[in-house]
Amino acid sequence: MVKSTNFSQQPNQISRDDESADPPFEETYKKLFDDIRIGKGSSKINYENLFVVEECELPLIDLEQLKGREFEREECKRKIAQASQEWGFFQVVNHGISQDVLLQMRKEQMKLFKKPFHEKMNDKQLNFSVGSYRWGTPSATCLQQLSWSEAFHVPLTDISNSTHHPTTLSSTMEQFATTISELAHDLARILSERMGYKSKYFRETCLPHTCYVRMNRYPACPISPQVFGLMPHTDSDFLTILHQDEIGGLQLVRDGKWISVKPNPQALIINIGDLFQAWSNGVYKSVKHRVVTNKAKERFSTAFFLCPSYDTEIRSCFEPSVYKRFTFREFRQQVQEDVKKYGYKVGLPRFLVSTH
């Protein structure tokens, strides 16, 4: 979950066609583009690394089994835990979110992103919190650190509040958020129970004002693959649920190498976040992933992030602990400091218990 920022306060942005929908990537990051054209400094990227030989299908789990007999339920739970340990990613079908809702969500999302850029910058007009619209990577010092994408990062409370003045977008988001939030809590419960830990921890700490829906658009990129759609990162949450289109572009690290995830629009993709890795004492894996750009086609996805309140203490569920105890606030602050200093997130290694 890499944070990008609203550029409404940026003084050096070049004026442009007010009716254009795409963010002004090349104008705003002109120096980075100029650097790569002349082959200067850190902009020299080994583009061969961006091409992935292998395309794979993530472990596919049918959640209909959770409604079956006891042995079917237990087998399904075992598969969920196993995929979370071995892959950190898996996909689910018969997940309880209707295809009608997913298709309507994609339709409304596409309409939203087609609005002129200056309208998308006006969060209040859309009944979203200030800063919900994000694009690019303000901290980028080279093109390899730039994310060629735009997004609306919306707390669930914004979605529920917007239904007081309902639009097709707000009512669709409400349906999507309500059902996908329940799925996230169900999966978190299953994963915690497989660790022998039964409690209301996730229900009590991951609340509507702390969880988010993020609508993503990755515009066609004329210099693909010289820039990422979303730079390599792990997610700073407990778990993420993603619905993507058929275009593809999601890649993850498996056995030390990058692989490309084969799109399955009928399925939802689940991935473990940093907080679940810390909570499970390293049993469940938060895996580095990225999105590569497409020269000809735009890509859309929608994600749900299961996040706790900032004051929530994250600690391993058994001892001896691999990680120090930390609050979500401390984790986020450390991530932001590292991104500002190095241009990328360090994450959980910052919180390893010293062996000295």
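**Figure 1. The outward face of helix H10.** The face of H10 turned away from its buried side carries two exposed residues, Lys-340 and Lys-341. This is a predicted model. H10 covers residues 328–342, 15 residues in all. From first C-alpha to last, H10 reaches 21 Å, close to the 21 Å expected at 1.5 Å a residue. After H10 comes Gly-343, with a positive phi near 90°.

**Figure 2. The buried side of helix H10.** Five names make up the buried set of H10: Phe-328, Phe-331, Arg-332, Val-335 and Asp-338. Seen down the helix axis, these buried residues of H10 fall within an arc of 130°, so they line one face. An α-helix has 3.6 residues a turn, so residues three or four places apart point the same way. What do the buried residues of H10 pack against? Their partners are helix H9 (274–279), strand S14 (313–314) and strand S15 (326–327).

**Figure 3. The second largest pocket.** The volume of this pocket is about 350 Å³. Its lining is made of 19 residues. Nearest the centre of the pocket lie Pro-232, His-233, Lys-288, Tyr-344 and Lys-345. Strand S7 (228–233) and H9 are the elements that give two or more residues to this lining. S7 provides the largest share, 4 residues. By type, the lining of the second largest pocket divides into 8 nonpolar, 7 polar and 4 charged residues.

**Figure 4. The largest cavity.** The structure holds 4 cavities of 30 Å³ or more. About 210 Å³ of space lies in the largest cavity. Its lining has 20 residues, and those closest to its centre are Leu-230, His-233, Asp-235, Leu-242 and His-289. Which strands each supply at least two residues of the cavity lining? They are S6 (212–218), S7, S8 (239–244), S11 (268–272), S12 (289–292) and S13 (299–306). The largest share comes from S13, with 4 residues. The lining of the largest cavity divides into 11 nonpolar, 6 polar and 3 charged residues.

Figure 5. Cys-76 is found in helix H3, residues 70–86. Is Cys-76 buried or exposed? Cys-76 has a relative accessible area of 0%, so it counts as buried. Leaving aside neighbours within four places in sequence, Cys-76 is in contact with Ile-61, Asp-62, Leu-63, Gln-65 and Leu-66. Glu-64 is 12 residues from Cys-76 in sequence. Between these two, the C-alpha to C-alpha distance is 8.8 Å.

**Figure 6. The whole chain, for context.** The secondary structure of the protein chain comes to 10 helices and 15 strands. The chain has 356 residues, and buried residues make up 52% of them. Cys-76 and the five listed residues of H10 are among the buried ones. Of the contacts with a separation of 6 or more, 77% are between residues 24 or more positions apart.

Notes. Residues are numbered from 1 along each chain as its sequence is written. This is a predicted model: local features need pLDDT of at least 70, side-chain atom pairs count only at pLDDT 80 or more; totals for chains, interfaces and linings use all residues. Side-chain values use heavy atoms; hydrogens and water are left out. The expected span of a helix is 1.5 Å times one less than its number of residues. Buried means under 20% relative accessible area, exposed over 50%, partly exposed in between (1.4 Å probe, protein chains only). The arc is that of the directions from the helix axis to the C-beta atoms. Contact means heavy atoms within 4.5 Å. On a 1 Å grid over the protein atoms alone, a cavity is a set of points where a 1.4 Å probe fits but cannot get out, and a pocket is an open set with protein on both sides within 12 Å along at least five of seven lines; lining residues have an atom within 4 Å of a point. Grid points are joined across faces, edges and corners, and a volume is the space filled by probe spheres set on the points. Ala, Val, Leu, Ile, Met, Phe, Trp, Tyr, Cys and Pro count as nonpolar, Asp, Glu, Lys and Arg as charged, and the others, Gly among them, as polar.
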